Each structure stands twice: as structure tokens, then as C-alpha cells.
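Thank you all for making time this morning.

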Amino acid sequence: MATYQQMIFLNLPVKDLEASKNFFAKLGYTFNAQFSDDRTASMPISETIVVMLLTEPRFKEFTKKEIADSATTTEALIGLSAESRAKVDELCDAALAAGASPSGEPQDHGFMYGRSFQDLDGHNWEIIWMDPAAVQG
């Protein structure tokens, strides 16, 4: 019997969908055309994580609340694991080269290493590597 893998769909409002798609493409991500249109871009991160980039008007259709102003408010910290310290640096360096802003100083605890950036819309992404031996205890 196969084990059910629960998925995460992270919906993010964006001001300029094409600019956001170009930004994330420069980080190596692709888009699922089946679940994308001129107001939405479906960006698989892994088999169980999908980021949905939504134009602000499209995002507003899913909530009665105001959209957080990510220039002044942190609505979430999006943490993604990386397979190595080098991959943390590779992804963060690519993000900065593509127009992201740095967000805080790198964190190096020996067994865990992370860096962060803010994407074009000010969403905070934290890229983290943890030594598998430390996780196993």
C-alpha cells in the first residue's frame, strides 16, 4: 500500500507575473502550463511542494483580507532545504543576480547553514542546508 504524500501549495501574490516567472526561471525553476494562465503560474518546487504565483487581483479572489504590503510587512518566511552548503550559495547567488535583495546575514552553525533573500515582490525565502548526521541525532 502506497503512503499518501501530503502536498503544500504556497500561493503568493505578485505585482508582475511575467517578471516573477523570469526571476524564478533564472533560479532554475520551471512552470506547469496545465495549471498556469495569464494570471497564475504554477511552479513545482518538488513532488510535494508547488508555488502558485498569482497576480494581485487573482490572489484577492481567494481572500477577504487585504494583501500584505511585503515592503513593510513580513507575511511569511518561506524555508526551503538545499542538498548542500554549495547549493545554498548557488541558489541565493542566482537570486541576487536575478534582482533579489539580501535578507539578513548568512547563518553558519556548522551542522546547519542558511542564507536568505527577498524576491521581486519582497517575499522572504530562506535556503537552508542541515547535515544529515545532525538530523538523525
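What you see is a predicted model, and the protein in it has 4 helices and 8 strands. If we read along the sequence, these elements follow the pattern β-α-β-β-α-β-α-β-β-β-β-α. The radius of gyration is 16 Å, close to the 14 Å that the globule rule gives for 137 residues, so the protein is as compact as a globular protein of that length. Taken along the principal axes, the box that the C-alpha atoms fill is roughly 45 × 45 × 30 Å.

How much of the protein is buried? Of the 137 residues, 32% are buried. As for the contacts with a separation of 6 or more, 50% of them come from residues 24 or more positions apart.

Let me finish with strand β2, which covers residues 40-44. Here 4 of the 5 residues are buried, and therefore the strand is largely enclosed by the rest of the structure. Which strand is joined to β2? That is strand β3, residues 49-55, which runs antiparallel to β2 and is joined to it by 5 bridges. The two strands form a hairpin, with 4 residues between them, and within this pairing S42 has M52 in β3 as its bridge partner.

Terms used:
Residues are numbered from 1 along each chain as its sequence is written. This is a predicted model: local features need pLDDT of at least 70, side-chain atom pairs count only at pLDDT 80 or more; totals for chains, interfaces and linings use all residues. Side-chain values use heavy atoms; hydrogens and water are left out. The radius of gyration is taken over C-alpha atoms; the globule rule is 2.2 Å times the number of residues to the power 0.38. Buried means under 20% relative accessible area, exposed over 50%, partly exposed in between (1.4 Å probe, protein chains only). Contact means heavy atoms within 4.5 Å. Two strands pair if DSSP finds at least two bridges between them.
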